[in-house]
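Subject: Structure for you to look at

Hello,

I am passing on a structure that you have not worked with before.

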Amino acid sequence: MSDVKFISPDTLEQAVDVYSKSSKEGKTKILAGGTDLLVQIRSGISQPDTIIDIKNIKELKEISNDNGSYTIGAAVAGAVLEEEKNFGNNWPGVLEALRLIGSEQIQGRASLGGNLCNASPAGDSVPALIASGATVKVHGPEGERDMPIESFHSGPGKTNLKNGEIVVNFQFPKKQKNSGDAYLRMIPRTEMDIAVVGCAVNVTIENDKCVDARVALGAVAPKALLVEDASKALIGSNFEKEAVEKAALACEAACNPIDDKRGTISYRKKVSKVLFKRALEKAIERAKKG
Amino acid sequence: MNEMDNKWIGKNTIRPDGADKVTGRAEYGADTIMPGMIWGKVLRSPYPHATIKSINTKKAEELDGVFSVATSSDCVDFPVDTPVILGIQDIRWMARNVLAKEKVLFHGHPIAAVAAMTEEIAEKACELIEVDYDVHPWAIEIDDAIKPDAPILHDFIKFDGKPSNIAGTLEHKKGNIEEGFKDADIIIEKEFETAAVHQGYLETHACLVSVSPDDRTTIWSSSQGQFMVRAMTSFITGIPQSSIRAIPAEIGGGFGGKTIVYLEPVATILSKKSGRPVKMVMTREEVMRASGPTSGSKSKVKIGAKNNGKITAAQGTFYLQAGAFPGAPIRGAAGCCLAPYDIPNAHTFGYDVVSNRSKVAAYRAPGAPIGAYAVECVLDEVAEALNMCPLEFRLKNAAKEGTKAVHGPTYPVMGYVETLEACLSHPHYKAPLKKLQGRGYASGFWFNAGGESSAQVNITEDGNVVVTTGHPDIGGSRASIANITAELLGIDVNRVSVLIGDTATIGFSNLTGGSRVLFASALVVTESTNQVIDILKDRASKIWNIDKEAIEWENGEARPAGDNAGKFKPLTLVELAEQATPTGGPIGAGHQVNTVGAEGGFATHICDVEVDIELGIARVIRYTAAQDVGKAIHPAYVEGQLQGGVVQGIGWALNEEYIYNKDGKLDNPGFLDYRIPVCSDLPMIDTILVEVPNPQHPQGVRGVGEVPIVPPLSAIANAIYDAIGTRFYSLPMSPPKVLEKISD
Ligand SMILES: Cc1cc2nc3c(=O)[nH]c(=O)nc-3n(C[C@H](O)[C@H](O)[C@H](O)COP(=O)(O)OP(=O)(O)OC[C@H]3O[C@@H](n4cnc5c(N)ncnc54)[C@H](O)[C@@H]3O)c2cc1C
């Protein structure tokens, strides 16, 4: 560890330049909050020779609101986003998902960008980001591009980022009137735990009818999923029992989990239905408030 | 001493270790450093079971920055078939657990160790050690270890004349069990399982050892007994005890898990071979993989009772995992499980089962929670079948003074009934419950213990007091000793300093375990303090020139006993200390003895849970623990012991478990997937301190630290049943298991 080079560039270009010249795959690492990276280095999973701290790059720390459309820098910490009062009014589900991460100490560091790029299937903010319909802007040697969150990952621990690409920020759509989002996770404890199942729901209601819905699940497949069949079941409904049940079954069907020390396949499937219903209820309640 | 007049005993005085701990000054095991110090690391077995054919350390020794390498060939050789008993441990096993000899017996078993300039180099050197293994099939679970064709860990261990993984048994019998069951109107028999659980102390094992060229050895480490560290290190390294000085650090939790050594003998060998001080600190993963959890278990319990609620017979069979070497706490399971009850006919039987897991270490009331879990759950079912309140049912069968316990003794004065009565009259007992909430009850017992203890009480030149004892303080013993000493001397508690001596500065004191420390050290401190008072009276008698018998000690001063004795102005402790030199010299006294008269402790707990039946999550929402604590010398610490025990019991019941994968390796060696409760998982835990003083102790002390972990497992299981009508016979009652069972 003593031979690690640490740099802290001020611009994206500098960061991308160093990052794209990484000696070998995985040898140069981006550091946002470091709450995943440092743990991985200490346990020997990651052994970088160069670390690029991105917290001095302006775009990555910025929060802006363009007429209701939020842009959140990839390295903004949970505790900082919490203080941006209006963001939580617009995207309470995204904020609560980010705020579930770790403890108060972790919240001073943990970022949306880190949670997304770490690519754990159980990352808490990812289903909420998917449900919100946000896109992510990445910057690489070949310039910028935007990606929907749901197509960002290629598997556990793997992303579709190309060599040298860094996540810059998250762009949220303008929040619809009478829409609301929510995220819930199942953990055996009450905090400091990893999601066995996570579910995010984002609905828009007009005259008691569901006019838009996005449902996402975490920890039940190699990557977080957008459950399109659940959206289909909800859109056009009045959230009547049959529609909700159909959407819940779609969630269960979308699950492709593993049996592991954290939960069995059958447990995760059952819980995905339950969490979906509970998250939906919460999202509807929020949507009805505006 | 009249209780009402107590000035310090029973008061929540400020803890002597508090300021250092909250300001980060307290020195724990890993905090000591020395000039020239190097770092030791351990090479661990990649297999759960294999014969070591050869170990080649040459490449490791040649690596730049490496100073020394240790293997079992550097240890004293203890033949595998000859017991070498030290306390409850056998040094033949301890030596092989510290560094594997003929075989590796679990994944993570230490094989060799390297000392090098840095931890990184030591780690790299470990990878260069070449070990040739003959890999064997392994057995992790009890059923796999005791089936007919099971892989045998230790060939010379025989059961029923054949090589076996059953390393020992223990039995308690009373009355006639067949007759007892014949008399019963109702009989319930059930089988139970519990998972292996770790003590979960925050501080990982750590030490610094410096061996001089003349073999004089100093060990700084955090343990539950500096004398245990000295003795075990001496046995394993061959350095005489007189040459070893073991200095106890502050301890960041032990709960029984630090009553044996892992690193100290290894660091001693590495230091001796390198001539440098060697420091070793385990990672959490090493702690989880290779330091003692307590046993997982399988048991079967059968209880019969009359329709009038009297228990006629009880029978229990307990299989406990020992891990790689014999020594499962079957005595705690088979001995404590029926202790709260007056049962005419009973039989308990324990099996000590070795398997390819890390060797178990003591954990708070070792074995007792396992036994009580099965018995107290069956009692709940019997009470239900009899349509009786579970507490009234226990009251009807409660052991009292004079009851002959199943495990042997006839009880003296004891407070079990009082704990039941305290629960029956507590508001918790009658508090309303909502839907999906339930209430459970359970009782528990722990032996407690006496044993060797030494103390020295010295009066400083300015008339204050320094007390030295020999037991690491893991539960508040320093604060309690300060209270007792101040009470006896009649001085302000802040004038008393209590220190834990090292092996060179205080006489032999047995380790901190068995809830024995305050019982034992209060005895020797009381005796020492009384001797000091006697000396003080003697000094006053010299100054006044009257008989010592005509002097009494009161309120921190010597006074003439009555008008006949003469009229003198009382001499305070400060005044007598000032005149110490002309009246005879330094004032102080010490006492060392094998203390006897320890008495067991009983507890009854009430637990409320709420179950989320869609997710399978059971949460404890209210908890009350009543316990006969003898005498609470420092009530806040006693409450803390009760609360801590309950919390560990909650973890054991709901989420904690050692999970092995198909390769025989522990799959959850960290606090993310080995789930001890976090604060937000817990309600405030109410305590009821029932005080029935132990008549054989000057302050009535019984020992309080272990009983509180005994009832929670079953109290929670019984509460879950009350909430949702489903009984669970296997721990932990984790969400996937609960949901699966309730959706069946
Ligand atoms: C005690 C503790 C509790 C935790 N609890 C939770 C929890 O409840 N839920 C949960 O989901 N996670 C949890 N985590 C994991 C972690 O905190 C989160 O994933 C967090 O969001 C990571 O953010 P970070 O900024 O610290 O990422 P970092 O550690 O800095 O980075 C994570 C990974 O992403 C890469 N990376 C970071 N930013 C970028 C970028 N802009 N572009 C490209 N690559 C990038 C890094 O190279 C690294 O590989 C916990 C961690 C700890 C230590």
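A residue is called buried here when its relative accessible area is under 20%. Please keep in mind that this is a predicted model.

The burial cut-off matters at once for helix H13 of chain B, which runs over residues 416-424. Seven of its nine residues are buried, so the helix is largely enclosed by the rest of the structure. The buried residues of H13(B) are Tyr416(B), Val417(B), Thr419(B), Leu420(B), Ala422(B), Cys423(B) and Leu424(B). What do they pack against? Two of the partners are helices of chain B, namely H12 (390-396) and H14 (427-430). The others are strands of chain B: S22 (437-446), S30 (601-612), S31 (617-628) and S32 (685-690).

Chain B as a whole

Chain B contains 21 helices and 32 strands. Its radius of gyration is 27 Å, close to the 27 Å that the globule rule gives for 744 residues, so chain B is as compact as a globular protein of that length. The C-alpha trace of chain B spans about 85 × 75 × 50 Å along its principal axes.

Of the 744 residues in chain B, 62% count as buried. The accessible surface of the chain comes to about 27100 Å², and carbon and sulfur atoms account for 50% of that. If one takes the contacts in chain B between residues at least 6 apart in sequence, 79% of them join residues at least 24 apart. As for charge, chain B carries 69 positive and 89 negative side chains, and the centres of these two sets lie 1 Å apart.

One arginine in chain B

Is Arg357(B) buried or exposed? Arg357(B) has a relative accessible area of 4%, so it counts as buried. This residue sits in the loop of chain B between strand S21 (345-354) and helix H11 (368-385). Leaving aside neighbours within four places in sequence, Arg357(B) is in contact with Leu105(B), Phe106(B), Ile140(B), Glu141(B), Ala196(B), Gln321(B), Gly323(B), Ala324(B), Tyr658(B) and Tyr660(B).

Chain A

Chain A is divided into domain 1 (5-53), domain 2 (58-171) and domain 3 (179-288). How far apart do the C-alpha centres of domain 1 and domain 2 of chain A lie? The distance between these centres is 18 Å. In chain A, 13 residues of domain 1 are in contact with 18 residues of domain 2.

Regards

Notes: Residues are numbered from 1 along each chain as its sequence is written. Chains are lettered from A and ligands numbered from 1 in the order in which they are written. This is a predicted model: local features need pLDDT of at least 70, side-chain atom pairs count only at pLDDT 80 or more; totals for chains, interfaces and linings use all residues. Side-chain values use heavy atoms; hydrogens and water are left out. Helices (H or I, at least four residues) and strands (E, at least two) are DSSP runs, numbered from the N terminus. The radius of gyration is taken over C-alpha atoms; the globule rule is 2.2 Å times the number of residues to the power 0.38. Buried means under 20% relative accessible area, exposed over 50%, partly exposed in between (1.4 Å probe, protein chains only). Contact means heavy atoms within 4.5 Å. Accessible areas come from the Shrake-Rupley method with a 1.4 Å probe; for residues, only the protein chains shown count as cover. Lys and Arg count as positive and Asp and Glu as negative; His and the chain ends are not counted. The place of a charge is taken as NZ of Lys, CZ of Arg, CG of Asp or CD of Glu. Domain bounds come from an automatic or database domain assignment.
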